[in-house]
Structures are given as structure tokens and as C-alpha cells.
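Dear colleague,

Please find below the structure that I am handing over to you.

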Amino acid sequence: MSTGMTTALSENTLFGMGNPLLDISAVVDKDFLDKFGLKLNDQILAEEHHKALFEEIVQKKKVEYHAGGSTQNSVKIAQWMIQEPHKVATFFGCIGTDRFGEILKKKAEEAHVDAHYYEQNEEPTGTCAACITGDNRSLVANLAAANCYKKEKHLDLDSNWELVKKAKVYYIAGFFLTVSPESILKVAKHASENNKIFCMNLSAPFISQFFKEPLMKVMPYVDILFGNETEAATFAKELGFETDDIAEIAKKAQNLPKENTKRQRMVVFTQGKDDTVATVGEKVTRFPVLDIDQNDIVDTNGAGDAFVGGFLSSLVKEQAVEECIRAGHYSANVIIRRVGCTFPEKPDFQ
């Protein structure tokens, strides 16, 4: 990777695919979490007994609606960091033909992301309840329409596949493994065969626990693997790494089998306020995050997505890993000062 190279980026250089969700976020108390059996900093898929949660959260006095969905958040932040040209970032996912779907379309457009949604009317647009308690957040996703993404109905269409081919960097959060592993594999293999960069995120402990098979099918094509400390620990446990040392986990994940040997896999683990750990060549390096006063943290929802978005914005510019991580730390620092995964008009990143 060269440093400091600033080439004019072209449209659709960054491709993302995932679950487009509308975040419904509200500050709740411990009783609310206990009532629905939620953990402080978790991400789960909604089950039957969470129906009432969605009914209750919209009644909260300070409820906010924001465009969300992990991968969509990341490509939006990447586009925000890039600023010009517009539509460097492409996004694919499935929504319903409803009001929430219209909001997501409008928000993607405002963020200058080239979103191409597969629209269907059998399921409503997906939502994610973000239950905020102090500087913790518990996420409950009701995928609905997001779960209806179909490779043959959308990804395989010539006009859409052309957009995939235009990209140089690909990013898909692990969450999409529950929806369309065959779509992920098609994109991952394309990247690998053309020596392009395919990035993935462990996304949540439940992915490594219950979707380990599809995750490990994609892993040989993963050039950059993201995750946080909890996800890294669960991943290590599921794969029998027999260590809880984050640097060792990163190293072992780096050394998992890989298809395209022209690129060494890079593993990047964030740890909240603690150092970000990344494999740089043969060694594991720690990168301290930006200092922030506890009182300035509004909510950590979207912090991990924002980190990836910042990272990707430098990656598409072919900058060194240190620069990518610096950009990731900057954007995460901006996002945690605001509600949801939202951002000011322009970044102030040098």
C-alpha cells in the first residue's frame, strides 16, 4: 500500500451489501432491559417475545428514528469521510414498499450513497430497537424485509452485477450471513479472483456461535477481518484457539486458510476505549484511540460501524493501515458524541 497517494476516486469504488434497517432508539432503564431479557452491550435478532418491546419503545418520550443497519452505516460514514465525489459507495439490501422504506431511500440519497434496494411487499422494512442505557446500548433487530434479499432476484441482475464489478473494495458485515450467504460468497469470490479487497466483520457473538459454518465458508476469501473484543473472544472460543489474549487471537485469525495468497489477511479488533489491535505484516500492533471525556459520550450505537467506515474511506484511497486506523478512530469518536449513527455536515479530519 502506498501512503499519501490521493487519486481522484471514481463512483462505485466501495461496495457494501447488508441489512438496511431503521433504528428506533430510545433511552431505557435497567428494568426495561430485564423485562425483555436483554444484556447491556449485546446485539440479537428479535424473537416472538420481543414484539411488545417494539410496541413499547416507540411510546418512549424521546424516541428517535435513524437510518441504520450495520453495513449501510459503514458505507455511509465512508462516503461522509470521502465527501467528493458522491456515490463512491454503493449499497445493496432489501426493504419493503412502505414509509420506513421510503425514509431509508431518502436518507441514503442525502448521504450520497448509491443505494440499490431490492424492494418487495411481502415483508415490511426491517427495524432495529436501540435500547440506550448510559453509554451502553442493546440492539434488537427485527430483520423483516432485510431477510428477504435474494441473489437471483437482485445481485445476479446484469445492471447490479456491473456495479459490483466496478468496485475495488468490498465490505459486508457478518450480520448478512443470516440472510444470504450465497450472495456473500459470489461477491467474495469475485474479489478474490480479481485480487480486490474483501472485508468482513464478525458483527456479533451470535454470528460465530450459530452461523459458524457460513462464516467459515467465506473466511478463505476475507482480506480484512474486523471485530470487537467480545466478538473476537467468542470467535476464538468457537474455533478452539485456546487463548483469550486478543493479540494472539488476531494472529491466529490472520493465519486461517486463505484463497488469494497475493494478499496477507489483516485482522483489526477494536476494544471500546482500549487500544485497537491490528496485524501489520507479521506483527500485531496496538493503536490507542482518541481520548474522550466520559460526559461527551452520548451513545455508543454505531461506534464500531463508524470505525469501519472511516477505515474504508482511507482504504479506498490506498493509504497505509496506520492511516486507515487513524481515520477509523476519528469517525468513531465523532459518532459516539451523537445519537445513533449520525454525523455533522462535514468531517474535520486531516
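Ser25 is buried, because its relative accessible area is 3%, under the 20% cut-off for that class. Please bear in mind throughout that this is a predicted model. Ser25 has its place in strand β2, which covers residues 21–27. Leaving aside residues up to four places away in sequence, Ser25 is in contact with Lys62, Val63, Glu64, Ala130 and Val339.

The nonpolar cores come next. The largest nonpolar core has 94 residues, and the members that touch the most others in it are Val187, Phe198 and Phe311. For Phe198, again not counting residues up to four places away in sequence, the contacts are Tyr170, Ile172, Ile184, Val187, Ala188, Ala191, Val218, Tyr221, Val222, Asp223 and Ile224. Another core, of 13 residues, lies apart from the largest one; Ala26, Val28, Phe54 and Ala129 are among its members.

I also examined a pair of helices. Helix α6 (residues 158–166) packs against helix α7 (residues 181–193) at an angle of about 40°, and their axes are 10 Å apart. The two helices are therefore oblique to each other, and α6 passes α7 in a right-handed crossing. On the α6 side, the contact is made by Trp161, Val164 and Lys165, and on the α7 side by Lys186, Val187 and His190. Three of the residues in this contact are nonpolar, one is polar and two are charged.

With kind regards

How values were computed
Residues are numbered from 1 along each chain as its sequence is written. This is a predicted model: local features need pLDDT of at least 70, side-chain atom pairs count only at pLDDT 80 or more; totals for chains, interfaces and linings use all residues. Side-chain values use heavy atoms; hydrogens and water are left out. A nonpolar core is a set of buried Ala, Val, Leu, Ile, Met, Phe, Trp, Tyr and Cys residues joined through side-chain atoms within 4.5 Å. Buried means under 20% relative accessible area, exposed over 50%, partly exposed in between (1.4 Å probe, protein chains only). Contact means heavy atoms within 4.5 Å. Helices (H or I, at least four residues) and strands (E, at least two) are DSSP runs, numbered from the N terminus. Axes are lines fitted to C-alpha atoms, for helices over the stretch in contact, and angles run from 0 to 180 degrees between N-to-C directions. Angles under 35 degrees count as roughly parallel, over 145 as roughly antiparallel, 65 to 115 as roughly perpendicular and the rest as oblique. A crossing is left-handed if the near helix is turned anticlockwise from the far one by less than a right angle, and right-handed if clockwise. Ala, Val, Leu, Ile, Met, Phe, Trp, Tyr, Cys and Pro count as nonpolar, Asp, Glu, Lys and Arg as charged, and the others, Gly among them, as polar.
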